[in-house]
Amino acid sequence: MPSKEVTLPRILGHRGARLLAPENTLPSFRAAIADGADGVELDVRRTADQALVCLHDAGLGRTTNGRGPVREHTLAEIRRLDAGARHGPGGRNGHRRAVHPGGPWVGVPTLAEALDGLPSGALVDVEVKCRGEGPEGPVQVAELLAETLAGRPDRDRLLVSSFSRKLAAAAVPALGGIHVGLVSSALVPLGRALRAAELCGCSLLAAQASAYFGPKAKLAASRAVDAGFQLLAWTVDDPETARRLADLGVALIVSDRPGELRRALDVPGPGPARRGGAPEPPR
């Protein structure tokens, strides 16, 4: 009996290649692609004057030489910050600086600048960290996303995800034609997370990797794939774990070591395998 063909997952660099360059910056995104990643996962937050910038934390202190909440600074103020100041042996994130040794100034890109700076074929998962304030906050953030992405010719390579159910539900109608996903931790059983994503109208679930190996998770994943759901796992650096996830139907994997993982997965295994293609349009 022939072996079942397994589709190799596409690998997204976590905040780019954050072990090689300052996270969520153009050098980091480009380093991930150059190292063999299929795309990148990046984070966005909203400035005081309603711009979307690539930053993970609510505060500026960990990854830049600035201080205070992102939402209290204008885009012009954030453009003056150095996103490479904290990267490297003397920085706060503890990662080695391999791109541009010596630490030149690195800017914080806007979402549009990040997308424009990546190759057209690179997949991009935009994780939205800002959820908005008040009852209308999620809708306002979704509208800002829609305005930022409107008219882009590369919308078919984009994914938008969030931990916020309200934001995900608001983004689905606002971002017609773009996959919207709910992000879930391992604390939430996979079946429950999938039901929540369905209630939000999402076509993607981004679950923490260990959630896929919990009780009844295999059945839940199978049903989701059969229903046309895209499955993403974060954060995975181990090739064997990545192969187990691929067997469950996980199509996308976010990794801190995207190049190493890509090369490990491309080594022929015991059964047939093929690389995943571009994401299918949302149903």
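Colleague: What makes the crossing of helix 4 and helix 5 right-handed?

Modeller: A crossing is right-handed if the near helix is turned clockwise from the far one by less than a right angle, and left-handed if anticlockwise; the crossing of helix 4 and helix 5 is right-handed. This is a predicted model, in which local features need pLDDT of at least 70, side-chain atom pairs count only at pLDDT 80 or more, and totals for chains, interfaces and linings use all residues. Residues are numbered from 1 along each chain as its sequence is written, and side-chain values use heavy atoms, without hydrogens and water.

Colleague: Why is helix 4 called oblique to helix 5?

Modeller: Helix 4 (residues 137–149) and helix 5 (residues 165–174) pack at an angle of about 40 degrees, with their axes 8 Å apart. Angles under 35 degrees count as roughly parallel, over 145 as roughly antiparallel, 65 to 115 as roughly perpendicular and the rest as oblique, and helix 4 is therefore oblique to helix 5.

Colleague: Why are helix 8 and helix 9 called roughly perpendicular?

Modeller: Helix 8 (residues 239–247) and helix 9 (residues 258–265) pack at an angle of about 65 degrees, their axes being 10 Å apart. Helix 8 and helix 9 are therefore roughly perpendicular to each other.

Colleague: How do you know that Cys200 is in no disulfide?

Modeller: A disulfide is a pair of cysteine sulfur atoms within 2.5 Å, whereas the nearest cysteine sulfur to Cys200, that of Cys202, is 4.9 Å away.

Definitions and conventions: Axes are lines fitted to C-alpha atoms, for helices over the stretch in contact, and angles run from 0 to 180 degrees between N-to-C directions. Helices (H or I, at least four residues) and strands (E, at least two) are DSSP runs, numbered from the N terminus.
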